[in-house]
Amino acid sequence: MVRKFFSFNFDSSKIAILLVAILVTFINLNSKPWRNGRVIHNDIISYYCYLPAAIIHHDLSFEFTKNNPEFYADKYWPLKTSEGKDVVKMTMGLAFLYLPFFLVGHFTALISGFPADGYSLPYLFSLQISAIFYLILGLIILRHILLRWFKPRVVGIVLFTTLIGTNMLHYSTLEATMSHVYSFFLYSLFFLLTVKFWELPKIKYWIYLGFATGLITLVRPTNGIILIFFFLWGATSFSMFKERVFFILKSWKFLVFAMLLALTLWIPQLLYWKYATGHWLYYSYNNEGFFFLKPHIIDGLLSYRKGWLVYSPLMILPLAGLVLLLKKKRFDWFLPITVFFLLNVYIIFSWWSWWYGGGLGARPLIESYALLSLPFAYILNWIDEKRWKKIIGYSLVIVLTSYGLLVNFQYRYMAIHWDSMSKAAHWDSFLRLKPSGRLNYLLQTPDYESAIDGKKETFQKQKYLPIPQNVIYEFSCDTIDNASVSISPKGSKSIMVNKSNQFGISADITLRPNRKYAAQIWRYGNPNAMLVVQNSDINFYINTKTTLDIDSTGREKLVIEFTTPIADNPVPIKVYVWNPYWIKAYFDDLTVGEVQ
């Protein structure tokens with residue numbers, strides 16, 4: 001299949017995958033996530049940490065992290081068991097998929113002089129390449145499946161628009177090492193194996209399906225519901241479904257063999273849990289869980305915070321394709337995809353944090369795009385039947401894809417917030433590439449504390465814009481000789497900061513206790529560069545990188561409002577800018593003042 005794909009016989013579907021590869025590679029090279037901390041962060045920390053611990057340090061107790069706690073503070077996030085032991089939250093399925101690329105990075109680090117610690121540049125670059133590899137392989141598999149029933153042009157449109165017109169683009173580039181493109185590959189593979197199995201149930205397909213199921217569930221255990229798709233594929237009636245079940249039970253020896261193969265992939269995980277917690281099976285999410293009697297299905301699909309169809313509206317077309325399948329009585333396709341999709345949506349949006357923390361749209365649905373590609377292709381094939389349907393249908397495809405592409409860039413430039421979008425914030429940012437100065441005060445921060453207990457969220461009233469008054473401290477780069485002249489947020493000069501010069505502007509100020517203050521500065525360049533207010537002696541620390549205002553030249557205002565701690569004496573506060581990334585940022589005009 002892969003060898004045939006790389007033959008010189010090009011068609012529209014091959015060109016679509018080639019364009020995807022070029023686009024994703026270009027965005028990666030342009031954004032350089034391996035340079036700005038976007039490769040191993042958030043959930044990826046816990047997916048990945050097994051590899052350096054096992055292969056480099058030979059220590060899955062992670063005791064080695066105590067030798068350099070500062071270095072590992074953002075590289076190992078254990079949870080505590082009820083007995084007080086450390087345990088990794090995520091299962092190790094992604095670590096298996098990362099492994100070949102980790103080994104390439106490790107070998108490169110050993111021969112090139114980079115630190116062979118699992119976190120230097122060769123590892124980060126190899127890990128990012130792994131995401132592109134699995135994405136393209138998933139698309140190649142999906143192409144192979146869809147070409148059975150649809151012409152290359154239709155298949156090419158499905159593959160290309162699904163990538164660039166949904167949140168899948170973001171999770172193939174700027175946060176590519178999250179689980180989603182890897183699961184998309186596994187779903188595509190499972191789709192292919194299911195089709196081939198029911199055509200001719202050979203022993204090799206039992207083997208392949210056993211391994212695929214083991215890996216799919218080891219990445220995310222709830223993904224095991226894809227087995228419903230396997231049992232229903234091709235069944236056109238309940239009696240045919242019963243025949244399928246009887247056939248599987250009659251072939252119980254092969255079924256047991258496939259289950260043992262799936263279990264084989266789980267053995268390292270079970271051994272780790274036993275070693276780390278004393279239990280063969282362990283629920284590592286502690287007090288996080290599902291509320292199956294209180295699902296947030298409407299919120300998950302249509303809310304302004306994270307609605308799937310709000311931020312990836314192109315996916316309306318596959319859903320319309322399901323309706324068309326039902327109308328045309330294609331139950332052999334309608335039943336497996338629809339039953340899987342409905343159950344998957346129910347489970348995903350029954351999770352306590354139905355918005356899944358920070359991210360673009362309903363990211364847990366990305367892997368299911370592999371299965372939804374079939375009704376998507378089916379409705380495009382139906383559109384192709386008549387000229388008037390082509391004009392209307394493909395106009396809609398272009399509009400929805402273009403809007404989905406814009407959404408990806410809006411998220412990159414922070415016009416779409418990672419977890420706090422509201423109706424007012426959504427319409428304030430609508431068709432706007434960068435955030436307005438109002439956006440931060442239209443956001444609605446999720447009530448995590450209530451949600452984790454299954455309670456109804458309560459929200460704070462919208463904030464007011466803090467303005468420094470009774471100015472206590474002012475700094476302008478116009479007063480110094482060695483400031484940058486080429487790019488200046490305000491005035492004629494600015495201070496450039498990046499990883500080699502992380503702290504460019506700093507002010508030590510003594511403030512009155514228990515008073516409200518605001519620190520303000522202007523920034524240009526890297527949107528991840530921060531303004532920080534700190535007193536390390538009393539564990540007082542606040543930072544922000546959120547834009548509150550943008551002037552006509554694209555310069556961004558950052559503001560921190562803070563209340564000094566209660567104390568008998570004046571409180572020393574340090575206000576500074578920090579940019580730990582290679583991408584440059586320019587700062588100017590720091591102001592600190594009391595807020596009335």
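**Close-up 1. Contact between helix H8 and helix H18 in the predicted model**. Val-154, Ile-157, Val-158, Thr-161 and Thr-162 of H8 meet Tyr-369, Ser-373, Phe-376, Ala-377, Leu-380 and Asn-381 of H18, contact being taken as heavy atoms within 4.5 Å. By class, this contact of H8 with H18 comprises 7 nonpolar, 4 polar and no charged residues. Helix H8 (residues 152-164) packs against helix H18 (residues 369-383) at an angle of about 130 degrees, and their axes lie 9 Å apart. H8 is therefore oblique to H18, given that angles under 35 degrees count as roughly parallel, over 145 as roughly antiparallel, 65 to 115 as roughly perpendicular and the rest as oblique.

The model is predicted, so local features need pLDDT of at least 70 and side-chain atom pairs count only at pLDDT 80 or more, while totals for chains, interfaces and linings use all residues. Residues are numbered from 1 along each chain as its sequence is written, and side-chain values use heavy atoms, with hydrogens and water left out.

**Close-up 2. Helix H7**. Helix H7 (residues 121-146) has 26 residues and reaches 38 Å from its first C-alpha to its last, close to the 38 Å expected at 1.5 Å a residue. H7 is mostly covered, with 21 of its 26 residues buried (buried means under 20% relative accessible area, exposed over 50%, partly exposed in between, with a 1.4 Å probe and protein chains only).

**Close-up 3. Asn-286, a residue with positive phi**. Although Asn-286 is not a glycine, its phi is positive, at about 55 degrees. Asn-286 sits in the loop between helix H13 (252-277) and helix H14 (297-302), and it counts as partly exposed because its relative accessibility is 35%.

Methods. Helices (H or I, at least four residues) and strands (E, at least two) are DSSP runs, numbered from the N terminus. The expected span of a helix is 1.5 Å times one less than its number of residues. Axes are lines fitted to C-alpha atoms, for helices over the stretch in contact, and angles run from 0 to 180 degrees between N-to-C directions. Ala, Val, Leu, Ile, Met, Phe, Trp, Tyr, Cys and Pro count as nonpolar, Asp, Glu, Lys and Arg as charged, and the others, Gly among them, as polar.
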